[in-house]
Amino acid sequence: MLGGFMAYIKFLIVLFSTCAFASLPKMLTKIPLASIRFISNDGKITLYQKSSGALALATNYNTDDILKLKEYTQFNANSIIGSDYITIEADQNYNSHNDALKNKDLYLIKRKELKPVKVGSGKDLVLHLKGSFYSFFDARGKSIKVATTKERKILDEIRISSKLNPYFSPETLMIDANTFIYTDINEKNLSGVLYYNRSNKIIKPLFKSAEDGTRLEICLYKNNLIIGEFSYNGINRGSNIYKMKATGNIMKNSIDRIYSSESTDIGHLTCSENQVYFIKDFGSNGPINNRISELISLDINTKKFRQLSNLKKVFQVVQMDGRVLIPVSENLYVVEGSNNFKNDQLEKENQK
Amino acid sequence: MIFLSTELEAQSSAPGMVSSLKKMIAISNSYFEKMKGVNKTFSNKEIAEADEYDLPAPYINSLILYTEAPHKALMLNNKCRVYNLMINDLLLTPTGYIERVPIRLKKGDEITEGLISRPQFLNAIVFKECPELKTLSDLFSINNLKKTLSNERFSKPSTKEVCLDRHQNYIKNEKTAFFCGLIARVEKESNLKESKIKTPRTDFRTLENINTQLKIIKGVKQNLTNRVYDYYKNLCDHLDNPEKFCEITASTNIFKEISESKIDASPIYSICQSLYQGNLDKQKIKNCALELSAKNEICHYGANQFPGLFPKANCNELSMALSRSRIQNYYSECPGLVGSELAVNGARLYHLLTKTIPPKPNLCFLNTTAGFTEFLTKVNFMEGWNNSYCFIDPISQQESCINSLTGNYDASPYSQEKSLSRALSRTRGVADNTKCKMVSLEEYDPTRLGFGDGCIIVYNSDNCFGTTCQQRIFINKKEVTHLKKNEGVRLEYFANSSTRTKYSMESMLRSYFKKKTKKIMNSSQLKSFFKEQKKGIVHGLGCAEKLLPHFFRQNTIHQCTITPFIIGGVIEKKGIYSLVVHTSMDELGAPRIIDWSQVYQAIRSYQNIHIRNAWGLYGLY
């Protein structure tokens, strides 16, 4: 009876939330998309990888290898709006050593110089505070390392306690040069958002899940810390999203729930300059675990959400230098930012 | 002469389509209200001497109205079938179970209406009119129940069609109401126990009645195994819904089957070992299986001793996955501590194809690494195993390497102490049968007795995996520094470049086990493969970010954590497929059910970034 009532409520939620998706444009590139690892927001920098093990920079009618490693090296690259730096992760034994916890070679390159500098060994290399800081995760050593891009010296090393899931990777962000925020799971399988004060090296819990079996995700949106609490598949704890002011003494700021649902949303909370996004579960028609999931944007003030995709099977959302993209099989759908399409008709005619 | 129902009969003469439900309920309630004032009862003699008798129409209507929908399916417009339900206490009235029955007797021209007790009605009317019900009642009496049940054959229907056919036969079979009667009786147990507590101790009559009923229930339970109970509970709940009955029948609860020793307990061994500390005997396994069948969430957390992707699937999903999977040789392992998903899947396939269950080692990842290196030795490709001790050979002055496992495993030539003593004997003159004790960093205390002399390998338990391990070696307290340790696996799952095609995991498995391979591109091909190749195995590679999106987040546009997997089976509903997937990050006994389109996206995303655009799903047969 309760289940039926809740299903009705869910139906109403879906009915009254705005549903204004149009078909999303696909990312368009001159070089095969599968080779591309990074395109800057202005389209001026395109990094792509070669099977020879090189990461190359594509400019008009010209290419330059900027990093040459072992044959078949797999590269990943990214950056954030306002940062002078691009992050690169290089896996030199990508196909021959399948290890989800493997540390990769980590590099930073300056947009203007495009000369890679090795900064460590780990995974999940992330830029913070417009690229003035970076952090990465040493999956084997189970520690987060924090450094400045200027000095490239590890200034802080934070041990995480998650032991239950060997594949756990913490999410990280910085609010200011002193405040480092990350996620962890304790020995009782309770997830938490932790506050690390860089000046006194003290760790304090900022938010803790009330129930086990959930995972927390974090992002920063217009001076607000957004915390997503999502369930793992098969654990019916529902989904919640909270916001708290990321200014002043964050430990004293109140927390406000801005989204709550009984569904097991995939999550992948993402904050761009303009929106807060996550992937929402829309139920099932087929056999067990055959779910429909779509990208949603959430207005943190009105608490209304809007369905943005109509792809049925959205599992991931990626931010690349300001663009928000949905990767589905071999395609990238553009949710925010340009799809890189440039009409070069005139250019061609001039060449004639 | 009492004509209680005359007026009401006129009102309820056209039930169903004509009378609204509300009206029927009103008539029924009004009839039962009036019945309260009826004092007339009939003796057996009066019944025997009557020319005719019948049951008032409003009474019959109320039985149809109040009896539970599944049980109504057994009525079949047949008087004896309705009586059958009454015998088994499955007919309900607005006042609950039937204790007294209103009846109209006709003798000559005179019609009299009155009440008779339920036993009186059964003996004087039901068993005379429907003698087969008397025979069945005797068969299902407590005294004969054991014998009756032992003659029943319970087997899982092989196909949905067989199941639907069987459901139809159950509806026609008069025994079904008796089975449902037993189930309904058992279900009353908790209410009766509650009533017993609430009944004043001075109310002897009620207490005696409750105790008698509880005693009967105990007798019924003693003769009904969990499996038989579940089977008939499902049937009786879904007599009016054959599709649902067959859906639930197909999804056998594997844990209950284990608890009744119907199938091997190996799939649940590691979960149970985490739940029940220490050695598992037969009784503990049985208790554990019962617990898993009753508590859906308990399966998420059995992980402490066998680290893998966490949390695992819930018990319902796990039961369905295990019951649909082709994998049969479950063994304890810890994929999260191996450090190579390829080695995990490779070892699983090797054990599966050789039909072996490796013995339980002292370090949980050795089941994987010892099996994997055994396979590489058999195919003469140990260069795929990079874990080795290297040194400059004193004679040739060239680098020489000796393959090694992490940890000691007597059955393997690559047991760490064997490999290490060989390397030390060639470089430091240490006897080549030297035993090296492995101790964790936390345990190691050089000042204590036992840690002084001999060979000691001190490992960091927080950073020690089957293919890479942070460790230091001491000989007589002196640290060994001249040996270089290589680590990891160097082998591609599917061939990457033409020169190495022969030495991919997939090609070596195919050639060693003399198997054929079939590329599987869509769900229809997958279904056909499982149908045609009864012993075939489907395995593949995909990106964890798509295969397990709740666990792995994609941060860059082509991020792909390569994840080998085995597909154990297919679950179909309305032409849509979900698959039983044993990922190399999950423990072997903890498969997940994953939507086909998700598996497809995982494979397609991997293919997209693969150097040769290689497809990643194949059937071995």
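This is a predicted model: local features need pLDDT of at least 70, side-chain atom pairs count only at pLDDT 80 or more; totals for chains, interfaces and linings use all residues.
Local features require pLDDT of at least 70 and side-chain atom pairs pLDDT 80 or more, whereas totals for chains, interfaces and linings use all residues. Residues are numbered from 1 along each chain as its sequence is written.

At the interface, 67 residues of chain A are in contact with 69 residues of chain B (heavy atoms within 4.5 Å). The two chains bury about 5,800 Å² between them, 53% of it on carbon and sulfur atoms; buried area is the accessible area (1.4 Å probe) lost by two parts on being put together, summed over both. Of the area that chain A buries against chain B, 13% is supplied by Asn98(A), Arg140(A) and Tyr167(A), more than by any other three residues.

Six salt bridges are found across the interface of chain A and chain B, a salt bridge being a side-chain nitrogen of Lys or Arg within 4 Å of a carboxyl oxygen of Asp or Glu. Lys313(A) forms a salt bridge with Asp595(B), with the closest N and O atoms 2.5 Å apart.

His268(A) is buried, with a relative accessible area of 1%, whereas Lys303(A) is partly exposed at 38% (buried means under 20% relative accessible area, exposed over 50%, partly exposed in between; 1.4 Å probe, protein chains only). In chain B, the peptide bond from Phe310(B) to Pro311(B) is cis, with omega near -5°. Most residues other than glycine have a negative phi, and most peptide bonds are trans.

Definitions and conventions
Chains are lettered from A and ligands numbered from 1 in the order in which they are written. Side-chain values use heavy atoms; hydrogens and water are left out.
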